[in-house]
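Here is a short report for a first look at a protein model. Study the structure, then read on.

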Amino acid sequence: EPINEQLHGYNTGSTILCYNEELILRKNLCRDLANGPLPLLVSNKIFVSTTEDYNQNQSNILHSPAMTTSSKKDSMDRGKYDDEHSCVSERANTAQQEIDLVNKFSSILDDLCFSPRNHEGWFAAGQCINAKAGLICDRIGNLRCSYNQEEFFARAPSATSRPRSLSGTRKSKLNNNVGDFDKLLFSLLKKKEQLDRESIRTIGNDLSCFLRYPWSSLSRLKDCATEIGSSFGNNDCTEQKEKTGQNDELIGDSMHSEDEHILPTLISPPQCSNNDSVMNEAKAWKSIQCSAVDEDYSSWQNSWGSLFVSVLRNMADKCHQVSYFLAKQHATRMMNSTSKSDAHDAAILMSEICETMATSKYGELQGSVKFGFPLSKMSDGDKYCLADHSMQRFQESIEWLDKSGDAEMETWPLQFMVGKCYEKMAVALNDEAYKSELPGESNIRQYESLLCKAFTNYKRALEGARIVNKERGIDVREGGSSHGISEIEYRIHATRLKVILRSIQTNTKQNEKAAFEALRLTEKHWFAKQPQTTICVENTGVNIESSFKSVKERRWEVFRDVIAAMLKLRANHAFFHRSVYRHAQAILWVPFLREEEVSQDILRELSGLSATATTTTVTRLSTESAAAEIMGNLFEKKRINQLCAVWVTSAFSCPFESLNGSVRKYDRLRMKYTGAYLDTLRFTRRLNDLEMFQGRLASCMRDLPNFYYASAKVGGRRPPKHIKDNLLDSTGLLCFAKRRANMAVADIIIQKLCRAPAQKMSVASGIDFGSAYKPVSLSDFLGRAFACFLRLRCSADDVRKKSVKLGSIDVLEVDCFLVAWTIYCRQKGVTAFPFQNEFEARAFSMWAQRIMCLRKAVEVCQNIYPDIASTFSRKKRKRKRIDKIENEGIDTRDITTTGYLDETNKTIEIDDKTMLSEKLKAELE
């Protein structure tokens, strides 16, 4: 404010005039630098935006990008690498993007020093910080797996046995009857507070470090850790480095020396007098830095990345709150003014701020991961609070749109998100106890009440979308998350399916109450024509169950209606991937709704397949075969960059599309679909399809979390080919797919070995894999099991280290190999363990005996199967041209290269037996 007073006083004297002119010039320069779009992430090939995307980003960052009429989908695999050069430069480009975002933030901050009540500036500052947090979040590994086997399958079969029935044998994790709503909510919030106290959300006394230093550069990240540790007076865990002038480039040219005091002042954490909090932060810092001392840079990088995301999101939220407060004051004044245009603009601006804050909070729900140290699973209390906060902001955004009086503004996308928030809140309260057997407004659970609100908002969104689609049309981009009306229709019926499945999984004592509750929720929203199964009591909105049909029959009709909706959605949109997953999931649950009463004709009708099993009644195997065929639609072709038929649309016009346009959401979708597809192949014993899928994985590109994890293991340099990765010590979608496929093959081998009669099994005799495969000898079984172990790309010592860390040797491929090895040795009449007698074996624990047995099995099998061992050998002869890429001082030559470049740049192949001269050896080194 004093600066603004001086700006208007330049008629009082020549000295003041010159000074004020300088201030005016500086203010205008700061305003020009603060305006404009956020910087784009540019890479060699993958991250270059199309012209359409660039034009959309040129719009003001305060406004949502306008919807395009083009139906072209962005089929580029975001976050993947086309060549080795782009792989090498990924870290450099991302670090530069982080620096550009900090420079943008600094420019906005300079402008806010001249006009601190500029709500648009505070909003833009929060967007800059959120963008940096999103970049890091897309690249952090070891996040929670998005595929839940127990949710997808009616009851996930174990490695050696298959369950007989679900009824009465499965303990539900979904409803433990904790108590009524008040007690349950108090319990959830108390647990949330306890977890908050146990975790570290911020660290250090100057949070500007998390802005100034780029996380994607390991060298800069080390400097950041050192600076943060200096506040605790502990620098003994990290390598001390002399400070150079390189730190100046981290904050950019726009951060001048006279302004450096502004940034820490605005974003410093509140001073805490509690010494325990400081001690906990110091312990956390030491714990993280110990990983760097042990050269475990992958875990060290992820731990700091989790703290970066937590701190940056907290800072962005504070900026948005300031913007919300100032914008609301401004909008209130404008609504009371006589100018309708000013009131309209202020209301639209307020609506967009509320929408952005709601979208940001809902985005924190994705993945159910709580960032900080340590990286942990999000509790139900956190989910409920985030969903509730997001819902309130979406509701407020709708209210401001209504106040604007603009009939062309669409509210159906916001109504849709309100419904999703209510659904998230309901799921968090599913452990609420049932009140009474009689239906009524006062006896229903809060879970049911919230789901009713969710369905109501979904219906409102659907009606609004149909009106807009009829008047102006809704842009549909196939393959992504922009299918218009179909996205809302899918959400309604997918929620109905989830409600039915939760009622089935409820413990036996509450089955009847859960079934009635599920029917009250699902029988109001039919996809096809509504059957006459219920009677609605007037003025209550509650359906009382009639005697027309039983509960099982009514639930079956709802189930068939949901499946019909999924089939129709896939038929309308050839690339609508969400309905494929839910359709396959529903088919797998068919036996537990009708058991043996469904014929093969009905199963073929439900699955949409021409033929399934040949038996006369439905069995688990037939439903699993049908689910495998359905999921196979997403994996029909070889897609090196995508793995399955899912794309990311580049233009965002609503919060739902924005939330689903991130790389992490894209990877989570592919992980969920890949896990479901591989498990259906596993339980139907389709070895040919599994081996074909493994061949595809060998030619796939790394995803972002997998690349950063592998790159950190080699000190930030270019990682080797992913086929050499240790699957027990890796992360990301690619590692998940490779490990899941390998486990599927190992599981099939274990099942066949454990079920084959011992008296009929011999080394040379055949064991039948199924009608589609020829009998395989026991020796071939051992070879297959040996290959499964070798695909892990680890040694027995790696297994020992992993088992020590986890507390058990629970590795399916190791179990498979040891089972095959034990049976093979038994049939050969030799001992499988490296002990002379039983007395010698007693000196070791069972865990140590297994490790020693594994070492012996590997040593013997390398001689029995030299071809298999050479296939997975780390030292392979190959012909390769050496290319040296001068990027961050990285030489891309591989240590396994057996070729070199002479003066004519021709590749010369070198045989292993060739005697190399000293000069040639030096060149190869």
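## Charges over rings

Which residue lies over the face of Tyr 434? Arg 445 does, at 4.2 Å from the ring centre. A charge counts as over a ring if NZ of Lys or CZ of Arg is within 6 Å of the ring centre and within 35 degrees of the ring normal. Arg 496 lies over the face of Trp 526, at 5.3 Å from the ring centre.

## Basis of the model

The model is predicted: local features need pLDDT of at least 70, side-chain atom pairs count only at pLDDT 80 or more, and totals for chains, interfaces and linings use all residues. Residues are numbered from 1 along each chain as its sequence is written, and side-chain values use heavy atoms, leaving out hydrogens and water.

## Aromatic pairs

The whole structure holds 20 aromatic pairs. Rings of Phe, Tyr and Trp (its six-membered ring) pair if their centres lie within 6.5 Å. Such pairs link Tyr 147, Phe 152, Phe 153, Tyr 581, Tyr 673 and Phe 683 into a cluster.

## Helix 18 against helix 20

Helix 18 spans residues 485–505, and helix 20 spans residues 551–572. They pack at an angle of about 150°, with axes 10 Å apart. Axes are lines fitted to C-alpha atoms over the stretch in contact, and angles run from 0 to 180 degrees between N-to-C directions. Helices are DSSP runs (H or I, at least four residues), numbered from the N terminus.

The contact (heavy atoms within 4.5 Å) includes Arg 496 and Tyr 490 of helix 18 and Phe 559 and Asp 561 of helix 20.

Key. Helix = DSSP H or I, 4+ residues; strand = E, 2+ residues; numbered from the N terminus. Phe/Tyr/Trp six-rings, centres within 6.5 Å; stacked < 30°, edge-to-face > 60°.
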